[in-house]
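User: Could we go through the salt bridges in this structure?

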Amino acid sequence: MRGGFHGALVTRPAGGGAAEANRPGRSGGNGRSGGDEQYRDIPGNQAVPGNQAVPRNPGNPDIPADPDTPAGPGAPAGPGAPAGPGAPAGPGAPAGPGTPSGPQTPEGPGVPEGPGGRPRFQTAFGAIAGLLTAAVALGVGQLVSGLGARQGSPAAAVGEAAIDLAPPPVKDFAISAFGSNDKTALVIGILVLLAVFAAVIGAAAMRRLSYGYAGLVIFAAIGMTAALTRPDATFAYAVPTIVGAAVGAFTLNRLIHAAVAAAGPPRYPARAAPRPGAALTDRYAGFDALPSSPDPGSGPASGPASSTPTAPPTPTPARPESAGPGSSPEVPAAPSPEPATSGAGPHGSPEGRDADPLSGRAAAPDTWTYRPPADRSRRHFLLVSGAAAGGAAVAAFAGRELNARQSVTQARAALRFPAPAEPAAPLPAGTDLHIPGLSSFITPNSTFYRVDTAIVLPQVDPQKWQLHIHGMVNREITISFAELLRKPLIEHYVTLTCVSNPVAGPYVGNAKWLGASLASIIREARPQAGATQLLCTSVDGFTSGTPLQTVLDGPDALLAIAMNGTALPVEHGFPARMVVPGLYGYVSATKWVTDINVTTYAAQTSYWAQRGWSQQAPIKTESRIDVPLSGTTINPGRTAVAGVAWAQHKGIDAVEVRVDQGPWHEATLAAVPGIDTWRQWVWYWDATPGNHVIEARATDDTGYTQTAAQAPPPPNGATGYPSITATVRS
C-alpha cells in the first residue's frame with residue numbers, strides 16, 4: 001500500500017462495461033440519474049495513478065469507444081488503438097498528434113499525482129511539516145548545547161557568524177535602528193529566514209522526500225561551519241547541530257508521511273458500489289470489497305489477466321427519446337457482469353489496469369487500496385504535528401534550563417570585594433539637578449547601554465578566569481581572578497560612550513567602577529620600546545586596539561571588576577573588563593577580556609578597524625537635550641530645557657542653548673566629581689506659542705566648542721548640534 005496508509009481492498013468486475021451499466025443509480029438509455037456522479041465526490045474514493053477520464057465514442061457520449069477501433073477526430077481511443085487528433089491515447093497506445101501521452105507522475109513519498117493535478121493542500125501540509133521539523137532541530141540543538149557546548153547552539157552560532165560576516169553598513173544600520181536590541185533583531189531575522197527555508201523544503205519534500213533531506217543537509221552544513229569558526233571552537237561545538245539535524249530528519253520523515261495522507265491525491269470517479277441498503281447520503285458508506293467470481297467461460301482466474309479486452313455484448317437500440325441528431329444507438333447493460341480477474345500481474349495489483357470493454361478507457365485496477373476518510377488522515381497529521389511541536393518546546397525549554405545551570409549567577413552573587421585602596425570621593429552637592437526626564441548622574445546597571453557582538457552572553461567562571469599578557473613585553477604574565485582581587489583596587493566615576501552613538505543618541509552612560517590599575521598591570525610585563533597598541537581579546541573572540549600610551553599615561557584606566565557597587569553584570573563583562581576614559585568603547589572597553597597582546601598598529605588590526613573604523617578614536621565633545629522630548633507640546637511660560645554633555649579626559653566647561661537660530665544662552669551646569677564624567681545642564685526658557693527648534697552645544701575645558709558640522713558615526717564618531725522641536729500651546 002502506498003505510503004503505509006491502511007484501508008480496505010476494493011474490487012470490481014473486469015468486464016467494466018456491464019458493471020458500469022448495472023451500477024446502482026444508473027438509468028437505462030441516456031438517462032444519467034446517478035452513476036459516476038453519485039460517487040465522484042465521496043471522500044476517500046481516491047484516484048488511481050494515471051487513470052484517465054471516461055472516453056466515449058464520437059457522436060454519442062454515452063457509447064464507449066470500441067476497444068480496437070481508432071477514434072475519430074477529437075475523441076479518445078479505445079484500448080489498444082491510436083488516438084485521433086487532439087485526443088489522449090487509450091491504454092497501451094500512442095497519443096494522437098499534439099496530445100501528451102498521459103499525466104506525468106512525480107516520485108513523491110507515496111502519493112503520485114494523477115489527472116487533476118497536484119493534491120489539494122499538499123503545499124500547505126508540506127510547509128507545516130517543514131516548519132515543525134526546523135523547530136524540532138533547533139530545540140534539540142539547544143538541548144544538546146545545554147549539556148556543555150553553549151556556543152554551539154545552532155541559532156547562536158549562525159547569529160554570531162552573521163555578525164562577523166555582515167558588511168559594515170548593515171552593522172551600522174542594525175545598531176542605529178535597534179540599538180541594544182540589535183542582537184534580538186538579528187536572531188528574529190535569522191529565525192524568519194529559517195522559517196521560510198523550512199517551509200520551502202517541507203513543500204519540496206511532499207514531492208520527493210530526498211529534497212527535504214537535502215535541505216536538512218544544507219541546514220547542518222551552515223550550522224556546523226558557523227560553530228566551528230567560533231574562537232577556540234572544538235568538535236563539540238558542532239555536535240548540537242549534528243544531533244539536531246539527525247532528529248530533524250526523523251521528524252521530517254514522520255511528518256511528511258502523515259502530511260501525504262492528510263493532503264491526499266486528486267479525486268477520481270468512484271469505482272466501487274455501495275453496500276446493499278447503504279444510504280447514498282452517507283459520505284463514507286458503501287466501500288466494501290466487491291467479491292471476484294470466476295469466469296464461467298474461462299475457469300478460475302489464477303494468473304495474469306489477458307491483455308486482450310473482453311468483447312462487448314451485442315448492442316441493442318436505445319430508447320427513441322434518448323437519441324439525438326447524429327447519435328448512435330446506445331448500448332445498454334449486459335445481463336450479468338464480467339468476472340473480475342485477481343491475483344498477481346497487472347490486474348491483480350493496485351498498480352495494474354484493465355481495459356473496460358464498453359468504455360474503452362484505462363479502467364481502475366481489479367483491486368486497489370481504499371484510503372481512509374480525509375478527516376481520519378488529517379486527525380493523524382494533527383497528532384503527529386502536535387507531538388513534534390510539543391517535543392520542540394520541551395527540548396528548547398530543557399536546553400534553556402541547562403544553559404541557565406551553566407550560568408555564573410551564583411558565582412557572581414557570592415563574590416565579596418575587599419575595600420578599595422582608593423575609594424571614589426563623595427559626590428559633591430548639586431551633581432544631580434533632579435529635573436524630571438533628565439538623565440540621572442549615575443546610570444543604573446539595568447539601563448546602561450549595551451553594544452557588543454555576543455549573541456550568547458559568555459558565562460565565565462571567575463575561578464577559571466585568567467588574563468594573559470604577552471607580545472612585545474620582557475615578561476609574560478598570567479593573572480587569575482584571585483590575584484586580581486589582591487591588587488590595590490581603585491574606584492572611579494567614568495562615562496562610557498559608544499562610537500555608534502548618533503548626535504544626541506542613547507549609547508552613553510555613567511557609572512562608578514571598581515578595579516585594579518590597568519597601567520600598573522601592563523607595567524608588570526615591561527612593554528618593549530616601539531609597542532603602540534594593546535590588542536585586547538574577549539573570551540568570545542572580539543578584539544579591540546587600545547593605545548598603549550593612553551593607558552600608561554592615565555591613572556584612571558581600570559581592569560574593572562565591579563559596577564555601581566556590585567559585581568559586573570554578565571552583559572557588562574563579568575568577571576573583568578577594561579575601562580579606559582577618553583576613548584570610544586570599541587577601542588577601550590573590552591568586556592570578558594582574557595588576553596592582552598602588546599603589539600603595534602601596523603602588526604595587528606582589531607575587529608572594528610578591520611571593518612573600516614578608525615584604529616584610534618578619542619571621544620569627541622558632545623551634548624544632548626533630554627527635556628523637553630522632541631515633538632512634544634508644552635505650555636507657554638517658564639520651561640526647563642535640560643540635558644547632559646561629555647568630553648571625557650577633558651571635562652565640560654560650558655553649555656549653550658538657542659531657539660530658532662537666535663542668540664546663544666549659557667546654561668547652568670551641575671557639579672561633577674572629575675573630568676571623566678558627563679555633566680548635567682539646564683536653561684530656563686520663556687516659551688512663547690508656536691512651533692520652535694531648540695539646539696545646544698558644549699565647550700570643553702580645552703576651549704574646543706562642539707562643531708555644527710553634521711557627520712555620521714563612521715569612522716570615528718558623529719558630530720553636529722543636538723536639536724529638538726517643540727510646540728507651545730497658544
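Analyst: What follows covers the salt bridges and their surroundings. This is a predicted model, in which local features need pLDDT of at least 70 and side-chain atom pairs count only at pLDDT 80 or more, while totals for chains, interfaces and linings use all residues. Residues are numbered from 1 along each chain as its sequence is written, and side-chain values use heavy atoms, with hydrogens and water left out.

User: How many salt bridges does the structure hold?

Analyst: There are ten, a salt bridge being a side-chain nitrogen of Lys or Arg within 4 Å of a carboxyl oxygen of Asp or Glu. One of them joins R230 to D164, at 2.8 Å from N to O. R230 lies in the loop between helix 7 (209–228) and helix 8 (239–263) and D164 in helix 4 (residues 154–165), so the pair ties together parts 66 residues apart in sequence. Helices (H or I, at least four residues) and strands (E, at least two) are DSSP runs, numbered from the N terminus.

User: Is R230 buried or exposed?

Analyst: R230 is buried, at 10% relative accessibility, whereas D164 is partly exposed at 24%. Buried means under 20% relative accessible area, exposed over 50%, and partly exposed in between (1.4 Å probe, protein chains only).

User: Which residues are linked with R230 in a network?

Analyst: E160 and D164 are linked with R230 in a network of salt bridges.

User: Changing topic, what does K591 form a salt bridge with?

Analyst: Its partner is D452, with the closest N and O atoms 2.7 Å apart. Both K591 and D452 are buried.
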